[in-house]
Number of protein chains: 2
Amino acid sequence: MNFKTPTSHLILFHMAIGWAVCLSLFAAESELKSDLVKRRHAMMEKIGNRGMLILFSGDRRTYSRDVNYEFRQESNLYYLTGIRQHGITLVLMPGNSSRREILFLPDRSANKELWTGKMLSVAEAAEISGIRNVWSASEFEPFIDSVFYGRPYRTSRYSTTTEYRDFFSGLRQGKAEVFLLLESRPGLTGKLSKEYEFSDRLRKRFTGLQIKDASSFFHQLRVIKSPYEISQLREAIDVTVQAHLEAMKNIRSDMWEYEIEALIEYTFKKSSSYSAFPSIVASGLNATTLHYQSSQKQIHDGELLLMDVGAEHNYYAADITRTVPVNGKFSKQQAQIYQLVLDAQRAALAIIRPGLPISSVHQKAVEIIRKGLFKMDLITSEEGTQYRVFFPHGTRHFLGLDTHDVGQSERLQSGMVITVEPGIYVREDSLDRLLERGVTAKQLDTIRRSIEKYKSIGVRIEDDVLVTDEGYELLSKQLPREITEIEALMANNENSR
Amino acid sequence: MNFKTPTSHLILFHMAIGWAVCLSLFAAESELKSDLVKRRHAMMEKIGNRGMLILFSGDRRTYSRDVNYEFRQESNLYYLTGIRQHGITLVLMPGNSSRREILFLPDRSANKELWTGKMLSVAEAAEISGIRNVWSASEFEPFIDSVFYGRPYRTSRYSTTTEYRDFFSGLRQGKAEVFLLLESRPGLTGKLSKEYEFSDRLRKRFTGLQIKDASSFFHQLRVIKSPYEISQLREAIDVTVQAHLEAMKNIRSDMWEYEIEALIEYTFKKSSSYSAFPSIVASGLNATTLHYQSSQKQIHDGELLLMDVGAEHNYYAADITRTVPVNGKFSKQQAQIYQLVLDAQRAALAIIRPGLPISSVHQKAVEIIRKGLFKMDLITSEEGTQYRVFFPHGTRHFLGLDTHDVGQSERLQSGMVITVEPGIYVREDSLDRLLERGVTAKQLDTIRRSIEKYKSIGVRIEDDVLVTDEGYELLSKQLPREITEIEALMANNENSR
């Protein structure tokens, strides 16, 4: 090799980059693996020696007829195994002498692999998860029989006498506990039918057995993010910031909402990501619908465009909202509402630190928005709930493997990742809603004029925040939020004013 | 207005385009509406006077935790109503004197509309569907009670004495029939739990009642496409052709499969379409997996790239596959396999005309591929099933509201739309599979050499075809298929040879 030419420098440079990428991927993988071991260890402490945790893979979801949506592993099962393949089952039995972790894996099949691609081998599943006992999925039922009924089975590895002693004695004394995912709100989370069927079956046979919901354990563990998880969230957030920038630079009036959405999701996908939730790209009046998803309206000069989107990268979700003027310049009324939302967000961010009651984040945003709405004559009292007509949602949620991530905690702690997302929406039915909240006939005219003045304005600003020992880090800080910044960024757009 | 300047000509031009688009949208809408009336009429003829059809809306599908995938209406319900909103129920009772069609629509709610957007009003649902009786979804249960139990209800519109006479007398004589969607293969189609729960309930109470599966009626009706449906399929196909062209022009080695997929789906989305099924973008060995979806491999010089993608436009699906050389030029072996697949497709297309037994399309493709594989020493006999090692799937499926559209017919008929998609895949386990199909030890060496020669080559060519009175029309003809055409198209790509 000749190292003198510029080309060869380029080659060296690319080699260096290549190695860096390769090493960082390798590092991430080994970081995940050691995370998985720690997570299962922490979970086993919660389950206890007479407990048993069983996690089933989620079902495939039908799109239409024989077409399924792309499969996504159930988050908690992924959290403990790192495995994305359909059909696995995880069993944790902390009381066992060995074999405290067992992963049941579908058998590879040449015909299935011909149709849908490579399936994990036992060795690969063990390598990814760090679980030594990887057994065939077909052995799950015999395994359950052996644990609960003491039935002998064809292989010696289910020998119940020593292995399951603690669980067994618990079963005899009516103290054994089986933990399943039985999270409430089946309408929202999708009924986990396997879990319910399984628990029904067990309940019918063992009166002494306690079947418990494992969800709260996961809520406790998942709420604090490891350095590996934070690095994955950073990547998801970076991709989402890029998508927002692409959108802002390309907005022009008379485009359609779906064209902007196309650009955003293209930016996700070419970065090996995809939408963590259906994108919200809402112009004009549509911006006053909180979860507007259809994206079928043409975007007009003079309107605001609200974009609430998030990339899911390596199973971790970002969630960022920006609201920008279609023509590149906020009108006076738009700027007033926008600035109020931004002030509320700034104030809510400013108080973030470990130990703060979580509810304070929302209270602070409410405090600022209430004052502002009162000054603008959109509400007649700073007391009560009138503000909720214009600010009807919460200010924060956890972020992680799920967009609305699980979490149980009264106070903020270092390592939590949350969104901070105040908003104001002046909907057409605002007046009716205010009348239900104590606005008198005398005040009606003033309010009506203000609503007319700000009508159809919907603004939300949402950023992603890591709670640190010192306070917080704004993970999405690369994306402009200030009015002047946004106007400067959009000044070169084709139809900017 | 001054009509002399070029600008004003431009304005006139845009006005003309605008009106044309507007009129064509209007025409499509009124065409759909008259289609819907005809479809329900045809369905009622099949149900008969003592029958009742009940179609429930599909469920929302959970992506993860509280995030749902974007909702898609159940295809048969959409086919009869044109309504995409969740939660509707359709009842057809052909024996009724009036009110033969009833649509149950969820009540609008200000709070739901604040969160997820506008819901259809009764008038809008009636306008879209052409159904005059649009009732509140909350009236469905009382309605059922009144029909089956003759219970009086608060409004007079359920007066059973005259309205449901035919159905009632059928019920008494044990001849009433209730048609539900009870299609088999619940594992594939997703168990339609509402239907099964409902039919269980009815079965327990009425021994004389016959509960039947309505699926075959839909299979019979949906298999022939109306001019409106053909126009929608053309649009879906045109968008898919554009996406393929974009991909072909932008492929270069060292890109990642997901980058090409991003470009394809961007083209869909900016045309107000989306993927009818998870895109297959498969390079090298991945092209030998029929439904490879993960798209996580880097694309290399010398490989083939197989793209099997389809836009869903206005609920109608396209489905087109092209296989192209990453570097713009087929190798000798790639060209041999490609040409054989193309010859098989051409031969299968050539025989398409009304009256042809549908199975002939596949038989013709098999005939050509068998001969070619035998010549290439990839199989040792033109008889038997050895060819299935390399061509393991069917050659055609129906296309329509579903990608694998429903259809019951022995023979091709004018108005059917089908795909024609032969393929050859030289997988790593081809030799093992051949051994199961009668290849002798003596022949093994020859075959092994051929498999080595063509290894990792996967080719599929899929086009969309309308059966016409005269024969057929190739709907996807705008997209190059010939080796020379593809190489010419890709000659300007950055890294083409």
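This is a predicted model: local features need pLDDT of at least 70, side-chain atom pairs count only at pLDDT 80 or more; totals for chains, interfaces and linings use all residues.
Q: How are two copies of a chain related?
A: By a rotation about an axis and a shift along it. Here, chain B can be laid on chain A by a turn of 180° with a shift of 0.0 Å along the axis.

Q: Which residue of chain B comes closest to the rotation axis?
A: Tyr266(B) does, with its C-alpha at 2.8 Å.

Q: Through what do the copies meet?
A: They meet through the same surface, because 100% of the interface residues of chain B are also interface residues in chain A.

Q: How do strands of a sheet pair?
A: They pair through backbone hydrogen bonds, either parallel or antiparallel. Take the open sheet of 3 strands in chain A. Its order is S15-S18-S19, and the pairing is antiparallel. Strand S15 (417-420) and strand S19 (472-474) of chain A stand at the edges. Each has a single partner strand, so one side of each is left without a neighbour in the sheet. From one strand to the next, the twist averages 35°.

Q: How many bridges join S15(A) to strand S18 of chain A?
A: There are 4 bridges between S15(A) and S18(A), which covers residues 463-467.

Q: Where do side chains point in a regular strand?
A: They alternate between the two faces of the sheet. Look at strand S1 (residues 51-56) of chain B. Gly51(B), Leu53(B) and Leu55(B) point one way. Met52(B), Ile54(B) and Phe56(B) point the other way.

Q: Are the residues of S1(B) buried or exposed?
A: The strand is mostly covered, with 6 of its 6 residues buried. Both sets, those pointing one way and those pointing the other, are buried.

Q: Which strands are joined to S1(B) by bridges?
A: Strand S7 (residues 177-180) of chain B runs parallel to S1(B), with 3 bridges. In that pair, Gly51(B) stands opposite Glu177(B). Strand S4 (residues 89-92) of chain B runs antiparallel to S1(B), with 4 bridges. There, Leu55(B) stands opposite Leu90(B).

Q: Why do residues three or four places apart in an α-helix point the same way?
A: An α-helix has 3.6 residues a turn, so such residues point the same way. Now try helix H16 of chain B. Its buried residues are Leu444(B), Ile447(B), Ser450(B), Ile451(B) and Tyr454(B). Seen down the helix axis, they fall within an arc of 130°, so they line one face of H16(B). These buried residues pack against H13 and helix H15 (430-435) of chain B.

Q: What is in contact with Ala335(B), leaving aside its neighbours within four places in sequence?
A: Start with its place, which is in helix H13 (residues 332-350) of chain B. Ala335(B) is in contact with Phe330(B) and Ile483(B), once those sequence neighbours are left aside. Sequence distance and spatial distance can be read together. Ala335(B) and Val459(B) are 124 residues apart in sequence, yet 9.9 Å apart in space, C-alpha to C-alpha.

Q: How many residues does helix H14 of chain A have, and what span does it reach?
A: H14(A), residues 359-375, has 17 residues. From first C-alpha to last, the helix reaches 25 Å, close to the 24 Å expected at 1.5 Å a residue. Among its buried residues are Val361(A), Ala365(A), Ile369(A) and Leu373(A). What covers the buried residues includes helix H13 (332-350), S15 and strand S16 (423-425) of chain A.

Q: Where does Ser456(B) lie?
A: Ser456(B) is in the loop between helix H16 (444-454) and strand S17 (458-460) of chain B. Its phi is near 65°, a positive value in a residue other than glycine. At 28% relative accessibility, Ser456(B) counts as partly exposed.

Notes
Residues are numbered from 1 along each chain as its sequence is written. Chains are lettered from A and ligands numbered from 1 in the order in which they are written. Side-chain values use heavy atoms; hydrogens and water are left out. Two strands pair if DSSP finds at least two bridges between them. Helices (H or I, at least four residues) and strands (E, at least two) are DSSP runs, numbered from the N terminus. Axes are lines fitted to C-alpha atoms, for helices over the stretch in contact, and angles run from 0 to 180 degrees between N-to-C directions. Contact means heavy atoms within 4.5 Å. The expected span of a helix is 1.5 Å times one less than its number of residues. Buried means under 20% relative accessible area, exposed over 50%, partly exposed in between (1.4 Å probe, protein chains only). Copies are superposed by least squares on the C-alpha atoms of residues with pLDDT of at least 70 in both. The arc is that of the directions from the helix axis to the C-beta atoms.
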